[in-house]
Each structure stands twice: as structure tokens, then as C-alpha cells.
Amino acid sequence: MYGFGDMIAKLKANPKTIVFTEGEDERILEAASRLLASNFLKPILLGNPDVINKTAEEAGYNIRGANIIDPANYPDFEEMVAEFVELRKSKGMTPEKAREILSQSNYFGTMLVKMKKADCLLGGATYSTADTVRPALQIIKTKPGSTIVSSCFILVRPSATGDNEVIAMGDCAINMDPNEDELVEICKETVDCAKAFGVDPKVAFLSFSTKGSAKSPSVTKMQNATRKAQEKFPEIPIDGELQFDAAVSPRVARNKTPNSPVAGHANTFIFPNIDAGNLGYKIAQRMGNFEAYGPILLGLNAQINDLSRGCNAMEVYSMAIITASLA
């Protein structure tokens, strides 16, 4: 497992407040109890206080110190409604419709972040990825210079030297078939995320082709995206298009592309589409014995992150640390 030492030290120096949209879920409560004991993150649990306290007590989780907010009884609800109406007025939002939407904890929690009542948000234990991303796009929006929201996974496993091997993969969860310019944006966001985990990025734009060994629109897309990324970020080692074996195996790289500054040593991987990305990280996780952290959402004005609905409490705890440290 990744140690999180640097991230925890950063949070101890500057504690953050994190919203959990599914505060009644036992996995969230277990993670929240551990965070509260460590005293470097301040959880906000959304849901019915009676249900939350009863569930925590029955499971033996100490959540004293957590801020529990019930959207149905929030004293500043009308202020939130007014701000949401203003944000969405171009879409014909009315106070009546806003009250209905904001009764949902995914929208309510995202508005807490927008209104600076919290620094970041973690959801998705019961919501789909779309139900976490949609409010973020409507309320938080993309940061300056970003045109899309993307994602990456950080994968970690112990290496033979005793250190952790850490790699980054993007985009594995959000964009179905990104175009050349979107791939360039995904590259930059994934590089920045990789650096937060101590990775010195060496970026491979992946394909089923290496340096023109095959022809297809997908290959052309990855070739053009590589060139654009190299021109835009000359300080970052970037190469492509590369097959995965050429990207990670020095022996194969010597045969296929001997003059590449990246091939054989890549640690940051940009996939051509969501099919390849999703399959790639899951193969690494299930068959390569990597721990997978993510999807980490990139390109937003605030840090909003998504959980897998199959997550366990330890994954919630880890993603909470990641989310807050990136906020």
C-alpha cells in the first residue's frame, strides 16, 4: 500500500474539510472514524443524523467530532438555493426546482464546496460516476485553461528495491474517445497528478502501433497528440505512439525505437480511449498486483473525487487523503 506520508504531513500542517455525500454508509463511517482519530481531516457527513449515529454506534465506529448535516434541515438552505438558481439561471432554474435538486446529497455536497463551506468532496460509494461528475460540472466547472474533466489512476506496488513502484494512467474513467487536443490536456493533468505522488513523469502515448508500424485513424490520433504534447510541454519527456511493451521494456524498446527518450522506462501512460484505459488499469490491478487509487478527477476548479461502488473502507480512507491533499 502507498504510504501517504508526505500527503498526511501536508494535511497535518493545513487540515482540510471534506464532504462525504453518503454519510449513512457504513464504509464511509469506518473511514471517517479513522480520519477523526488521526486529526488531519475534518469530515462532513451528509445524511440523517439519527441514522448516521445509530449505524456508527452499532458498528462500533467513533465519529464524535464529525460535522453531520442533514440537507432536509440545513439552516442555510435558502441561501444555497438562491446561489444555485443564480448559477443555473441560463438553464431556466427556478427556486422550486433548485430545492428539489439540492435535496440530493450529491448536489448539496457540491454546493457546500462551491460556497466554501468545505474544501473538497468524495462521493460515489452508492452514486454512479456520472452522478458525482454531473454536479461538479454544473456547479464547480472546469478550472482556467481546462476544457474537459478527465481522470487518472495511480497504481502502486512494492518493488524489488523495497520502495514503491508508482505509475499513472489516464484517462481511464471519464472521456470515451478523446480527440488529439483533449489527449494533450489529459497528458498535462495526469503529469501533474503523478508528480503529487512523487513520480518523475516519463510519458508514453499508447497505441497498438509503435512509430508507424500500423496504420489507422487511432494511430494517427496518437501520433498527432504526441507531437502536440511535445511542442506544448518541451520540459516533459514524452514519446509516442508506443505499444505497451515498447513503453516499459528496455529490451523491446531497443528493438522497436532505440532512440526514444521514454521507451522502456515510461511511468505515465496516456490511453487512446476509455476502453483501453479502463482495461489497462484493471489488468494491472488484478494481474499485476498493483493497488489502484482513483479515479482521481482532474481539471475541475475544486477537488471532487469519485469512489467505486464496490469500494471498501480502506479505499475510502485512502481516497479521502488523496482528495484533500490535492485540494
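1. Lysine 211 has a relative accessibility of 40%, so it counts as partly exposed. In this predicted model, the residue sits in the loop between β7 (203–206) and α9 (217–232). Please have a look at its backbone: phi is near 50 degrees, a positive value in a residue that is not glycine.

2. Lysine 116 also deserves a glance, with a positive phi of about 65 degrees although it is not a glycine. Lysine 116 belongs to the loop between α6 and β4. Its relative accessibility is 73%, so this lysine counts as exposed.

3. Next, the cis peptide bonds. One of them runs from glycine 170 to aspartate 171, with omega near -10 degrees. Aspartate 171 is part of the loop between β6 (164–170) and α8 (180–196). Another cis bond links glycine 294 to proline 295, where omega is about 5 degrees; proline 295 is in strand β10.

4. That glycine–proline pair turns up again in the largest pocket. Among the 24 residues lining this pocket, Phe153, Tyr281, Gly294, Pro295 and Ser308 are nearest its centre. Two or more lining residues come from each of α12 (274–287), β10 (291–298) and α13 (313–326). The largest share belongs to α12, with 5 residues. The volume of the pocket is about 510 Å³.

5. What does glutamate 22 do for a charge partner, given that it is buried yet has no salt bridge? The nearest side chain of opposite charge is that of arginine 27, 6.7 Å away. The glutamate 22 side chain does reach the backbone nitrogen of threonine 126, at 2.8 Å. Glutamate 22 is placed in the loop between β1 (16–20) and α2 (26–38). Leaving aside residues up to four places away in sequence, glutamate 22 touches Ile28, Leu46, Gly123, Gly124, Ala125, Thr126 and Tyr127.

6. Searching the whole structure gives 1 cavity of 30 Å³ or more, and the largest cavity holds about 30 Å³. Its lining is made up of Thr21, Asn106, Thr110, Leu121, Gly123, Gly124, Tyr127, Asp131 and Thr132. The elements supplying two or more of these residues are α6 (105–114), β4 (120–123) and α7 (129–140).

Definitions and conventions
Residues are numbered from 1 along each chain as its sequence is written. This is a predicted model: local features need pLDDT of at least 70, side-chain atom pairs count only at pLDDT 80 or more; totals for chains, interfaces and linings use all residues. Side-chain values use heavy atoms; hydrogens and water are left out. Helices (H or I, at least four residues) and strands (E, at least two) are DSSP runs, numbered from the N terminus. Buried means under 20% relative accessible area, exposed over 50%, partly exposed in between (1.4 Å probe, protein chains only). Lys and Arg count as positive and Asp and Glu as negative; His and the chain ends are not counted. A salt bridge is a side-chain nitrogen of Lys or Arg within 4 Å of a carboxyl oxygen of Asp or Glu. A polar contact is a pair of N or O atoms within 3.5 Å; within protein, one must be able to donate a hydrogen and the other to accept it, and residues adjacent in sequence count only if both atoms are side-chain atoms. Contact means heavy atoms within 4.5 Å. On a 1 Å grid over the protein atoms alone, a cavity is a set of points where a 1.4 Å probe fits but cannot get out, and a pocket is an open set with protein on both sides within 12 Å along at least five of seven lines; lining residues have an atom within 4 Å of a point. Grid points are joined across faces, edges and corners, and a volume is the space filled by probe spheres set on the points.
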